[in-house]
Amino acid sequence: MSIALRGIGKQFGEFAAVKDIDLDVPTGALIALLGPSGCGKTTLLRIIAGLDAPDEGQVLFDGRDATLWPIRDRNVGFVFQHYALFRHMSVFENVAFGLKVKPRRERPSSADIRRKVQSLLELVQLDWAGDRYPAQLSGGQRQRVALARALAVDPGVLLLDEPFGALDSQVRHELRRWLRRLHDELHFTSIFVTHDQQEAIEVADTIVVLNRGRIEQCGDPGEVYDLPTSAFVHRFLGQVNELPVQLRDGRAYLGPIDISPAADVRTGDSNNIALIRPHEIEIGAEGTGWPATVIAVRVIGPIVRLELSAQGLPANELLEAEISRERYEAERFGIGQTVGLRFRRWQVYPASGAAA
Amino acid sequence: MAAAEARSDAGRAAPGRLLLIAAALLFLGLFLVLPLLAVFAQALAKGVGAYFIAIADPNAWASVKLTLTVAAIAVPFNLVFGVAAAWAIAKFDFRGKNTLITLIDLPFAVSPVIAGLIFILLFGSHGWFGGYLKVHHIRVVFAVPGIVLATIFVTFPFIARELIPVMQAQGKDDEETALSLGATGWQTFWRVTLPNIRWGLMYGVLLCNARAMGEFGAVSVVSGHIRGLTNTMPLHVEILYNEYNYTAAFAVASLLALLALLTLVGKSFLEWRQPELRHAVAPARDRTRREKT
């Protein structure tokens with residue numbers, strides 16, 4: 001099922017949760033709604049599900065206006081962050097719920113229900129747990145039950161609200177990969193909400209970045225990460241260093257480094273900042289670039305993170321750089337050592353917009 | 001070393017624990033068990049024969065029947081109202097919600113005697129609706145309807161008050177999930193909401209029932225104390241007591257106490273029959289409220 005949003009807006013009292021949202025979700029897509037808490041992502045998901053009604057705009061399911069459809073007619077599967085399993089029912093009964101509440105004409109026979117639930121439990125690798133109660137399962141297992149329960153009614157679209165938010169990082173990683181595989185096998189349309197950029201990049205085909213109730217950028221993960229259209233998106237998807245762009249004699253500088261003529265520097269505007277990701281900083285021997293002192297070194301598995309105090313910057317504004325473990329082993333930058341910095345890539349934004 | 005320390009810690013804690021348990025048992029015995037025993041002892045003071053004669057008195061029986069009837073009307077009424085009110089308050093946002101919560105608490109704040117007088121004021125022969133009722137030959141005050149109304153008023157908050165925090169703690173996720181799976185509102189209520197609140201509901205019903213059977217003040221004002229007709233058990237006990245008929249008074253009182261004990265036994269029996277539900281309710285508490293984005 002394809003979903004389209006047209007000019008969706010929703011107010012909670014004075015607070016505009018979402019404004020002017022236009023979005024197309026083609027059939028079979030796996031989309032992430034990504035943003036900080038309070039950006040409107042959950043509200044948007046609830047509007048699609050029919051749990052909240054928009055104040056303005058339209059929700060289209062396969063081109064038909066579904067804005068006023070009640071949730072039970074929408075054929076959506078909804079998975080909550082805290083699973084919302086029915087505590088008084090066994091795992092089997094939880095998964096069978098959607099089938100058992102169907103009107104008698106449409107309800108499958110109990111043998112068919114049993115078969116379907118069993119196959120779903122196998123799909124989520126919990127076929128041994130049918131008789132257990134939710135309280136007896138771990139968080140990851142509960143979330144898989146919730147997924148199986150949502151899939152039982154063959155939803156046209158699966159909506160997941162921070163589905164892995166309550167799990168520890170190991171289980172989260174495993175479930176992400178599993179969800180991605182499941183999606184590739186079954187090709188259902190799904191939309192999930194997350195505040196974790198890593199999760200969005202790992203799982204989704206398309207990332208929709210939301211900020212203050214509006215869509216900041218929409219694109220595939222590589223595009224959103226490498227070509228952010230705003231400072232907000234640049235900051236939100238991964239770590240960044242921020243440097244003021246200095247204008248001297250009609251040329252633009254980051255510290256002593258001349259970055260002009262860069263097409264994206266509007267030299268007339270004196271309030272620009274450059275955003276540089278840690279892995280875009282190159283560290284060389286002293287004298288090869290912007291002089292800087294190594295303040296701290298931290299080895300994090302395959303990468304090494306260095307904190308650097310660049311000459312001319314305030315002492316509390318440290319730059320963060322990431323280099324590969326191999327390079328670090330070869331160069332052995334030590335604390336207190338003076339090095340030279342160069343930037344492989346940067347992006348310049350007007351400072352006023354960046355403050356958003 | 002650490003283990004030995006821990007053990008000696010536990011040893012030091014033991015006297016305090018014993019003291020606490022002893023204090024709890026002492027108070028329990030003094031204020032709950034002893035009075036209960038006294039009721040039965042006094043009732044049987046003149047022998048089992050006198051006890052049964054007192055109970056077999058037609059007026060005593062009439063009071064038992066009336067008390068059970070009143071409870072049988074008031075409890076279901078407040079059950080429906082309590083669930084509806086708790087549902088509305090816990091699951092929806094609307095204008096006037098705080099006013100509604102305050103109103104539900106009103107019977108707790110108002111003295112039962114005042115509660116009774118309210119109904120005299122409304123339905124008594126000189127009351128607001130007195131003239132209309134007289135013309136149509138409907139008796140409310142000094143009759144069973146008045147007693148039922150007063151009892152409903154006094155027991156109004158019990159079930160709603162018990163359910164509101166339970167329902168608020170559970171949030172709306174379960175209901176929303178059920179709806180998204182295609183359940184109707186009715187199916188959602190019976191299959192999801194009701195099982196989730198059953199223990200809170202039962203406790204509320206228990207309290208409501210105990211109060212409905214035991215209410216004295218409000219009922220006393222509207223009843224008119226007509227023997228065999230409008231005397232509930234507590235009223236009948238008082239009349240007998242005032243007539244120095246201690247054996248009969250305590251015999252009826254012992255019946256009232258027995259009814260209360262029966263409700264408690266019923267509750268324990270249900271809990272014992274369905275042990276899996278007891279632990280199934282607990283996790284609701286550690287659920288955090290859903291982040292509103």
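Reader: How do you know that strand 11 (residues 241–248) of chain A and strand 14 of chain A pair?

Author: Happy to start there, with the reminder that this is a predicted model. Strand 11 and strand 14 of chain A share five bridges and run in the antiparallel sense. Pairing requires at least two bridges found by DSSP, so with five bridges strand 11 and strand 14 of chain A count as a pair. To see this in the model, look at A:P244, which stands opposite A:I273 in strand 14 of chain A.

Reader: What makes strand 14 of chain A a partner of strand 20 (residues 347–350) of chain A?

Author: The bridges again: four of them join strand 14 to strand 20 of chain A, and the two strands run antiparallel. Since two bridges are enough for pairing, strand 14 and strand 20 of chain A qualify with four. Here A:I273 has A:Y349 of strand 20 of chain A opposite it.

Reader: Why is strand 14 of chain A called largely enclosed?

Author: Strand 14 covers residues 272–276 of chain A, and four of these five residues are buried, so the rest of the structure largely encloses the strand. To be called buried, a residue needs 20 or more other C-beta atoms within 10 Å of its own.

Reader: Why is A:D226 called exposed rather than buried?

Author: A:D226 has 12 other C-beta atoms within 10 Å. The limit for exposed is 12 or fewer, so A:D226 is exposed. You will find A:D226 in helix 7 (residues 221–226) of chain A. If you want a landmark, A:L45 is 181 residues away from A:D226 in sequence, and their C-alpha atoms are 26 Å apart in space.

Reader: Why is helix 2 of chain A called mostly covered?

Author: Eight of the ten residues of helix 2 of chain A are buried. Among the buried residues of helix 2 of chain A are A:V91, A:F92, A:N94 and A:V95, and A:A96, A:F97, A:G98 and A:L99 are buried too. These buried residues of helix 2 pack against helix 3 (110–123) and helix 4 (139–151) of chain A.

Reader: What does the secondary structure of chain B come to?

Author: Chain B has 13 helices and zero strands. Chain A, by contrast, contains ten helices and 20 strands. Buried residues account for 33% of the 293 residues in chain B, and for 42% of the 356 residues in chain A.

Reader: How do you know which domains chain B is divided into?

Author: The bounds come from an automatic or database domain assignment. They place domain 1 at 11–43 and domain 2 at 47–292 of chain B. The C-alpha centres of domain 1 and domain 2 of chain B lie 29 Å apart. Five residues from domain 1 and eight residues from domain 2 of chain B take part in the contact. On the side of domain 1 of chain B that touches domain 2, there are four nonpolar residues, one polar residue and no charged ones.

Reader: How do helix 3 (residues 58–91) and helix 7 (residues 144–170) of chain B pack?

Author: Helix 3 and helix 7 of chain B pack at an angle of about 35°, and their axes are 7 Å apart. The crossing of helix 3 and helix 7 of chain B is right-handed. The contact of these two helices of chain B has 21 nonpolar, five polar and one charged residues.

Reader: How many residues of chain A are in contact with chain B?

Author: There are 28 residues of chain A in contact with 22 residues of chain B. On the side of chain A that touches chain B, helix 1 (41–49), strand 6 (76–79) and helix 2 (91–100) of chain A each supply at least two residues. Helix 1 of chain A gives the largest share, four residues. By class, that side of chain A has 14 nonpolar, ten polar and four charged residues.

Technical notes: Residues numbered from 1 in each chain as written. Chains lettered and ligands numbered in written order. Predicted model: local features only at pLDDT ≥ 70, side-chain atom pairs only at ≥ 80, totals over all residues. Contact = placed C-beta atoms within 7 Å. Nonpolar A, V, L, I, M, F, W, Y, C, P; charged D, E, K, R; others polar. Axes fitted to C-alpha atoms, helices over the stretch in contact; angles between N-to-C directions. Left-handed = near helix turned anticlockwise from the far one by under 90°.
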